[in-house]
Amino acid sequence: MSQNFYSHQGANIRKTWFFMAGFFLLVMALGWFFSYVYNNPGILYIAVFFAIFMNIFSYWFSDKIVLKMHKARPVTRESHFDLYTVTENLSIAAGLPMPRLYIIDEAAPNAFATGRNKDHAVVCVTTGLLSILDRSELEGVIAHELSHIGNKDMLLSTIVVVMAGFVTLLSDFFLRSARWGGGRENDSRGGQLQGILFIVGIVLAILAPIIATLIQLAISRKREFLADASGALLTRYPEGLANALKKINGTSVKMKTANHATAHLFISNPFGPDGKGTSFMQKIFMTHPPVEERVTALLGNG
């Protein structure tokens, strides 16, 4: 079974390079298109520079941004002994460096992992999570987050987030550009071109963010199932994580700092638990698989 996880790590690296390559090709293609329409080569240079800047910035500072967004603070062995020792023991068992630990003062039970690689990883939990879980359940949650680190999920997740956000930004820029007017010619051909641009801009503005979000959410849901399985393999006690997920899902508290840009990072939806009987369309736009499906996969029943 462990070979499957090693294979997944390799697949994540390949996906990361694929998305990065696709991202740059998309930016260059759109940059060239705009530079042609407005007869301004500088647009292409700006687009490529911005793409490079966004990738580098998100790679180096994504963890700090997320921690700041959720008002997380660092913890030590002395301040949170159980959390620290559980993470330390599981890190040793997983063959991973001890991640930095942070806590969020939130009643909603939740947790996430972030960072650009295993040597610069962060695991963050809420005070609400620590208050409702026993040690075996906490071990299940921490093992799940360490699995995200071990499976190299975090970098892929960051790249996809950047792509989704940038595609949304480009679609908005495309639509605004069509409204502003301009173009290579001012004759009837130029007017027709602006009409086409406006139509394409509307379509892109509507579809591009949805498609980007669907890709992001689909990858997120798949990652959660694998992290559940990897975490259960690490603790050798799948009931711990299963019980933790049930408790988390049974709490209807929404995180005060919940944000759509980071929702997929958490072990459970920070906007609140998903109800039973979720429809197909609702499931498509969920950041996480239904808890019932995750528990069934962990316990192997049903």
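A search of the whole structure finds eight salt bridges, a salt bridge being a side-chain nitrogen of Lys or Arg within 4 Å of a carboxyl oxygen of Asp or Glu. Before I turn to them, please note that this is a predicted model, in which local features need pLDDT of at least 70 and side-chain atom pairs count only at pLDDT 80 or more, while totals for chains, interfaces and linings use all residues. Residues are numbered from 1 along each chain as its sequence is written, and side-chain values use heavy atoms, with hydrogens and water left out.

Let me begin with the overall layout. The protein holds ten helices and four strands; these are DSSP runs numbered from the N terminus, with helices (H or I) of at least four residues and strands (E) of at least two. Along the sequence the pattern reads α-α-β-α-β-β-β-α-α-α-α-α-α-α. Of the 302 residues, 46% are buried, where buried means under 20% relative accessible area, exposed over 50%, and partly exposed in between, with a 1.4 Å probe and protein chains only.

I now come to helix 5, residues 135-150. Its 16 residues reach 22 Å from the first C-alpha to the last, close to the 22 Å expected; the expected span is 1.5 Å times one less than the number of residues. Helix 5 is mostly covered, with 13 of its 16 residues buried. After the helix comes Lys152, whose phi is positive, near 60°.

Which residue forms a salt bridge with Arg135? The partner is Glu139, with the closest N and O atoms 3.8 Å apart. An α-helix has 3.6 residues a turn, so residues three or four places apart point the same way. Arg135 is partly exposed at 37%, and Glu139 is partly exposed at 27%.

A second bridge joins the side chains of Glu137 and Lys247, at 2.9 Å from N to O. Because Glu137 lies in helix 5 and Lys247 in helix 8, the pair ties together parts that are 110 residues apart in sequence. Glu137 is buried, with a relative accessible area of 5%, whereas Lys247 is partly exposed at 33%.

Finally, the aromatic residues. The structure holds two aromatic pairs; rings of Phe, Tyr and Trp (its six-membered ring) pair if their centres lie within 6.5 Å, and planes under 30 degrees apart count as stacked, over 60 as edge-to-face and the rest as tilted. Phe49 and Phe53 are stacked, 6.5 Å centre to centre with 20° between the planes. Both lie in helix 2, four residues apart, about one turn of the helix. Phe49 is exposed at 58%, and Phe53 is partly exposed at 42%. The other pair, Phe112 and Phe266, is edge-to-face, at 4.8 Å centre to centre and 65° between the planes. Phe112 sits in strand 3 and Phe266 in the loop between helix 8 and helix 9, 154 residues apart. Phe112 and Phe266 are both buried.
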